[in-house]
Amino acid sequence: MDHLTAYQKVQLARHPQRPYFLDYVEHLCPDFVEVHGDRKFGDDAAIVAGFGTLRTIPVCLSGHQKGRDTKQRQYRNFGMPKPEGYRKALRVMKLAEKFQRPILTFIDTPGAYPGIDAEQRGQAEAIAFNLREMSQIRVPIIATITGEGGSGGALAIGVGDRVNMLEYSIYSVIAPESCSAILWRDQLHAAEAAEALKLTPEDLKKYQLIDEIVGEPEGGAHNDAPGMAKCLAAVLERQLAELREVSAENLISCRYKKFRAMGEFGE
């Protein structure tokens, strides 16, 4: 499906039958134990976090969870976390650091929830705090964009030693429709905006914003969730083996340099 346009890939990344975080957990870590709550306000079902075993490797897992039907989507808030979701994810990551377990994050969100209640509880602060704290965690972190990687809502659990993207996923500061609405005053130019945003895995790999593109089964991950999970497991195991050889000090140093080097600037 190399002939797909950027906007067609956007639509594929949003496919309603695409595997979500708990689908990957089912195939990767059947012994997964979920942790609830941020110990400050409450639990946020848009982010799921906990511990499990990837083959023989004890790991921490955290990811966005969307819903399949209307009831689930409302419960999961369409995969758009509030501050307590990010704080819960970080609480579990800190536990992982304490017990020396590598961290795997799975990103699939349109963005952080923009409602007034989220803003009142410190949405921007929660995201910024996660960015700072994840940059200093002393265990390996691998982030994988499995569907939509929307803005700060995605980046809040996306600071990793390795950043992967599935073949038909996207990663962008803004949705094409929103970009079109701002620049053209309507959403009719979403396809043009998608091309300009450079949000596909190929574009992001070219600009060294991600490390690896994970191939999907023919037709996309939604056609073969077990096969997609198997492919992803092989990549994660290889990357974990590489990162286990790196000391905590070097992990933090390389992570810092990795993100500082992103972006090109001209005057």
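Reader: Which residues form a nonpolar patch on the surface?

Author: The model is predicted, so local features need pLDDT of at least 70 and side-chain atom pairs pLDDT 80 or more, while totals for chains, interfaces and linings use all residues. Residues are numbered from 1 along each chain as its sequence is written, and side-chain values use heavy atoms, without hydrogens and water. The patch consists of Ile182, Leu183 and Trp184, with about 310 Å² of accessible area together. Areas come from the Shrake-Rupley method with a 1.4 Å probe, and for residues only the protein chains shown count as cover.

Reader: Is Leu183 buried or exposed?

Author: Buried means under 20% relative accessible area, exposed over 50%, and partly exposed in between (1.4 Å probe, protein chains only). Leu183 is exposed because its relative accessibility is 59%.

Reader: How many aromatic pairs are there?

Author: A pair of aromatic rings is described by the distance of the centres and the angle of the planes. Rings of Phe, Tyr and Trp (its six-membered ring) pair if their centres lie within 6.5 Å; planes under 30 degrees apart are stacked, over 60 edge-to-face, and the rest tilted. The count is 3 aromatic pairs. Among them, Tyr24 and Phe106 are stacked, at 6.0 Å centre to centre and 25° between the planes. Tyr24 is buried at 1% relative accessible area, and Phe106 is buried at 3%.

Terms used. Patch = residues over 30% accessible without salt bridge, like charges linked within 9 Å, V, L, I, M, F, W, Y side chains within 5 Å. Salt bridge = Lys/Arg side-chain N within 4 Å of Asp/Glu carboxyl O.
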